[in-house]
Amino acid sequence: MAVTKGLSVCCLLAAAWCLALLPVWAQNSGVMGELVPLSAQAPEVAPVATALRGPHLFWTWATQADRELLVKAEACQLGRYTDGLVLTYPGDKTAKVVAKADLGETAELRFRPGKTGLVSFSANAGANVYRFLTIPQHLAVEVSPTHPLHLVGGGELFFFVPAGALKFTVAVWGQSKAETARAAILDPSGREVASAEALKGTTARLTARPASSTGKVWKLVLSKASEGIIEDVFLALEGDVAPYVFLAETGALVPFCYGLNHQPTLLRSVDDAVLRVGLTAPNLAPGSSLVLRLEQHGKLLQQAQTAPGETQASIKLPNLASAAYQVKASLLDTSGAVLTATTAPVEVRNGILYTGGVRPLLDLALSYPKTPDSPVEARLALEGMEGAELFLSAELYRCGLSEDPQGPEAVRIATQEPLERREGLWTAVSSAPLADGTYEWLFKVRCPDSPQPVSWQRTHWVVNRGEVLPEVGPTTTLPPCSGMWETGPVALAVPQVQDAMPYGYLPSPEDLTRPLATAAAQGESRSAVAVLIATRDVAAVSASLSDLKGPKGASLTSSLFDFRVARYWAQRTSWRSGNCWIVPELLEEKTSWALRELQPSLLWLTLHVPLHAPPGLYRGKLTITADAHRLTRPVEVQVYPFELAAPQEYHWGLYTDSSRWRTYNEAKIEAEMRDYVSHGITSLMMYPLKHSTVELVNDRLRINAGDFVRYMNLARECGLRPPTVFSFQDLETMTNRLIDAKRESQEKWDQVARDIVLHFDRLARAADWGEVVYHTIDEPHGPGGEGAVHLLSLLKGAGLTTFTTALDLALINGPLDPYVDVRCWSVSFVLGSGLANQKARADCEKSGDRLWYYGSGSYQGQEGSMLPNRWITGCGLWISGAEGGWSWTFLRPKDDAFNDFDGEGHREAKDAMIVYPTEGDGPPLPTTQWEGIRHGANDFRYLYTARAAASRLTGDAGRRAQEELDRLTAEMPWSVRPADVDSETLDAWRERAARLIVRCR
């Protein structure tokens, strides 16, 4: 699929997933509480020059319930995109209010909130940009790692640094390798305290350590870098600050209190175990009181309250033992009513206090080598650890590009223990020449009286043919919970989120005891995950699963489970990126494997529930054997009392890359096709000319399509069904080979091309293959799209149903419109926003065309997780209004399939792989993204089955069931950012649909 990904709207979607998959350098963006005005009065704000892109949620402050708030913004065009601007006030005491504007026009959003206090509104111009002309006096927008701000061009932004802040970080990156930016942080006096450039696809991280308590607004300036262009730029803020920025220096909205989001602190004695919390805006409510409550498992342990007018309260932990707490801070008015409140987690691990969430101890600054012969230097700091007697060590490993960076294959090439400390910083340096491979620097922090590390951190880079590709952001590992070391040579964790776990994952105490539990319908395949972490080197690890015993003597035998281990390995972050990240992708069958100390191993179990399995709860156990040590965990599977419907009016399509089949035998092709079906695929993109010979002899076509016919018949035997796309992207090349276009007439050329296609149409009709649609030029674009217009008009004139992948809105609605029957839009046109979806559907309805879309599969940012593909092929399809979605592309390596860094000679260096090749006659190796497609298709089938079940009920019962399904559907956001759609939410929606199906039976 020749995707113009530099310009593609589909690239916007991929970028959104990339953002979410960036390694998060701290797992908690901070406990903020409800935002309040820093100053009750703020001057009117002038127009803002900063141009924003994508969906954002803005917060403002209503001083009066009945006072009208006004937001004016201009819709500006970017490139050839035609999306307009939508401003939305979701409503609270009042009804929802929407304001729209076409390109070059202004949207005016006016609303009366019906309450005082914090209110929100959203803005989205799809693929275009918008600028605010009038904004309320107070305005904030979130810029956390999961909700980064998307700007186009530079500008000035402002943010608040609370009193007591020790450190904060600003991360800035461009959308592509060519999009760069310079970022500078200025303190309240206007002095530049940090600056950096985000170049060549890398992330610039600016860290500042305020010299004293500030409680003031700071400035961030984004401008053109020394190279590249400043266009699409992303921004995230983290640390001891609220992750919000303001478009103007005045009118800041800030958390009502500070002190509940703080750097880790070493507890030397019980006197250190004190939480100090203060009011950020003490004049917000004169005479108010601050109340702190320390709770554990819902039980109140301590409470403190300030006298009216006091601005700070403190509370003491009961002891220094490892434990987890909750702290609730409330602001009470003079009558004792709660004005605002927030809750923060507080935890003691290994003698260290974590406030506002567990976060890494180490702050790492790594100087990546410019060339393989350059030295590598790392400088590390331990925040909040001044005076602590701690030891740091560094180990440098190298492995092959297809191997786990910390696996037994890795070679240790440098060790430094302990690291030398100078002026509060530790430094590790390696000058060894770096051969091609993946490099991991592992840093450990130890106390003098403990052999186990109290924290560790990894960072990576790739060397490939003389090029150094740094990791995007540092790979962060959280400090281990104390229970890890009591489990033996490995710790077995079941995470709350059932999806691929990042390389830096470490379990919570709950993860170490949670049973491995899942639920599935009869006949469904469903995955569950667990993670092993080695507490020492282990020579041999194996896993076994017992049969699961269910109701009335029924059982699910262990043979119904497909057991695999996910390979963590380095991959490019995007098509032409100059950096890498470590992702869990390839799912391999293993009976025994080795682990190195601190190496994670992701276990992937897929249960194939028999169609007639008795419903109910099944129980068994998972056993892990590590060097003769055994560790068990309960396994629970709930089998629902229904099977999922198979909707015939919807389809899930796949780009097959079937040229590979020339080297396959029949058994291998059949195994691959059956694997399609088991992962929810119903329809195929087939390539007739790839599997046929075409000759022109005495002006008569001779076509041998025996192989193609055999493949089509096999697809039907395996359960694949219409619609099928016949792709004739090489029709022009084939026709030019058969006749000399310079010597023959256009009419002759057209006749030969048409006859070639009609030959396969006759085959399809004779063999009763069902509906076929015909594809010629992929993603046609340009002012006239002459080539696509010509070929599609030939097919349309021959009475065939035509198909095109759609990116260029003007071309599709213009010259191509008369010749297209099926518009297969890039997914952002259909799921990028409610506005984009509305327009895509309206355009199709107006032209009489059918609506499909593509965008799941192996685009950048989709590997290493089920989530992107699961959303696009499941709930996304449910709300889209489309007939089906297509996944690109199944197996298309560039040179070595198991090396993502050897494709420099191709237009897009990164491999495009939903699966990986295998030897023998079996199906290909699955991946986390392939499992995401299966789970997404099943998510859709749950919703479809629920709708069918509700429709069978009559009267009030049917109405209530349909209303419940409508409420569930209404919760599904248009935003494609995983920050708005996560795996836990998808599981919860699926469970609600399952409960509805059961109630409707």
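1. Let's start with a sheet: five strands make an open sheet in the order 33-32-36-37-38, paired antiparallel. Strands here are DSSP E runs of at least two residues, helices are H or I runs of at least four, and both are numbered from the N terminus; two strands pair if DSSP finds at least two bridges between them. At the edges sit strand 33 (411–416) and strand 38 (467–470), each pairing on one side only. From one strand to the next, the twist averages 20°, with axes being lines fitted to C-alpha atoms (for helices over the stretch in contact) and angles running from 0 to 180 degrees between N-to-C directions. Within this sheet, strand 32 (residues 391–399) and strand 36 (residues 437–446) run antiparallel and are joined by nine bridges. Cysteine 399 stands opposite threonine 438 in strand 36.

2. Before you read on, a caveat: this is a predicted model, where local features need pLDDT of at least 70 and side-chain atom pairs count only at pLDDT 80 or more, while totals for chains, interfaces and linings use all residues. Residues are numbered from 1 along each chain as its sequence is written, and side-chain values use heavy atoms, with hydrogens and water left out.

3. Now the whole chain. It has 14 helices and 62 strands. A compact globule of 1001 residues would have a radius of gyration near 30 Å, and the chain agrees with its 30 Å (taken over C-alpha atoms; the globule rule is 2.2 Å times the number of residues to the power 0.38). Along the principal axes, the C-alpha atoms fill a box of roughly 100 × 70 × 70 Å. Of the 1001 residues, 59% count as buried, meaning under 20% relative accessible area, with exposed being over 50% and partly exposed in between (1.4 Å probe, protein chains only).

4. There's another open sheet, of eight strands, ordered 7-4-9-2-11-18-13-16 with antiparallel pairing. Its edge strands are strand 7 (106–111) and strand 16 (203–208). Neighbouring strands in this sheet are turned by 30° against each other on average, direction ignored. Strand 11 (residues 149–152) pairs with strand 18 (residues 232–239) over four bridges, in the antiparallel sense, and leucine 149 stands opposite leucine 235 in strand 18.

5. On to the rings. The structure holds 43 aromatic pairs; Phe, Tyr and Trp rings (the six-membered one for Trp) pair if their centres lie within 6.5 Å, with planes under 30 degrees apart counted as stacked, over 60 as edge-to-face and the rest as tilted. One of the pairs is tryptophan 575 with tyrosine 859, edge-to-face at 6.4 Å centre to centre and 80° between the planes. These two residues are 284 apart, and each sits in a loop. Both tryptophan 575 and tyrosine 859 are buried.

6. Tyrosine 650 and tyrosine 944 are also edge-to-face, at 6.2 Å and 80°. Tyrosine 650 is in the loop between strand 50 (629–643) and strand 51 (651–655) while tyrosine 944 is in helix 12 (residues 928–951), so the pair ties together parts 294 residues apart in sequence. Tyrosine 650 is buried at 17% relative accessible area, and tyrosine 944 at 15%.

7. Last, a cluster and a charge. Phe708, Phe726, Phe728, Phe760, Trp769 and Tyr774 form one aromatic cluster. Elsewhere, arginine 458 lies over the face of tyrosine 503, 4.9 Å from the ring centre; the cut-offs are CZ of Arg or NZ of Lys within 6 Å of the ring centre and within 35 degrees of the ring normal.
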